[in-house]
Every structure is written in structure tokens, then in C-alpha cells.
Amino acid sequence: MTLPSPRLALACAEMSDWRWTPKAAVTVMALFLAFQLTVPAILLFTENETSQRFGWQMFSHAVPDPGFAVVTAAGERKVTLDEVLAGPRADLPLDELVPPFLCTAVPGAIRVTWIKGSYEC
């Protein structure tokens, strides 16, 4: 009968040292979750002008309808944001982006008007 080598017993004893205690595991998970919730929450509730890398884009603020209308020789036609944008976001400058697009997208467009102003095509 062969006895196990002392080296094997030492290797087994070293393997048990890597295990975490339940208290350490819970502490690490709590710190991880706190970090995952704190960073986006800070970026969500602070004033910023552009999209942030670690911000919560899925919780973007609701986009109020600016009331875009395209004026042509035939008259005025109201345009909803759903006709223009696939997914409107409140952090995009709609006043700068949508009017030039409507001028090129609507044939015979003379002017684009909305609540805050107008844009000559």
C-alpha cells in the first residue's frame, strides 16, 4: 500500500485558501452593484449637454413635440417626429438637425416652422 505524498497534501491545503468567505463575497458584490448604480445615477441627474459614455441612454427624457410644419407652395403640412426620426432623443438638438433634413426630404419645401422658430430652405 502506497501512502499519498506529502506534496499532494500541501497542494490540497493551498487550494482551499483561494475560496472566499461568504462575508467577503457579499462585500465585493455589494461594492460592484453600488458602483454600477452610482455612476449612471450621477450622470443621469447632472446637467450635461451631450451623450455620456456611462450614462443611461435608455432612460432619456421624453421629447416634447416641437410642432414641425413644412410650408410649400401648396400649403402647410404638419410633420410628426415619428415621420422624421426612428427614435427621438431629448439630448439631440432637434432645432438644428430636423429643419435642414425636412427641406431636402419634402419636395418643393419653402420653409420649415416650429414652436421656437423657422428655417428658410
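## Buried, exposed or in between

A residue counts as buried under 20% relative accessible area, as exposed over 50%, and as partly exposed in between. Keep that in mind while looking at this predicted model. Take cysteine 121: its relative accessibility is 46%, so it counts as partly exposed. Cysteine 103, on the other hand, is buried, with a relative accessible area of 17%.

## The disulfide

Those cysteines belong together. A search of the whole structure turns up 1 disulfide, and it is formed by cysteine 103 and cysteine 121, whose sulfur atoms sit 1.9 Å apart. The pair ties together distant parts of the chain: cysteine 103 is in helix H4, cysteine 121 is in the segment after E4, and they are 18 residues apart. The torsion about their S-S bond is about -70°, so this disulfide is left-handed.

## Helix H4 and its two faces

Now for the helix itself. H4 runs over residues 94–105 and has 12 residues. From first C-alpha to last it reaches 16 Å, close to the 16 Å expected.

Which residues of H4 are buried? They are Leu94, Val98, Pro99, Leu102 and Cys103. These cover an arc of only 135° around the axis, which puts them on the same side of H4. Strand E1, helix H3, strand E3 and strand E4 are among the elements that cover them.

## A pair of rings

There's also 1 aromatic pair in the structure. The rings of phenylalanine 68 and tryptophan 114 have centres 5.6 Å apart and planes at 50°, so the pair is tilted. Phenylalanine 68 lies in the loop between helix H2 and E1, while tryptophan 114 is in strand E3, 46 residues apart. Both phenylalanine 68 and tryptophan 114 are buried.

Technical notes:
Residues numbered from 1 in each chain as written. Predicted model: local features only at pLDDT ≥ 70, side-chain atom pairs only at ≥ 80, totals over all residues. Heavy atoms only, no water. Helix = DSSP H or I, 4+ residues; strand = E, 2+ residues; numbered from the N terminus. Expected span 1.5 Å × (residues − 1). Buried < 20%, exposed > 50% of the residue type's maximum accessible area, 1.4 Å probe, protein only. Arc of directions from axis to C-beta. Contact = heavy atoms within 4.5 Å. Phe/Tyr/Trp six-rings, centres within 6.5 Å; stacked < 30°, edge-to-face > 60°. Disulfide = S-S within 2.5 Å.
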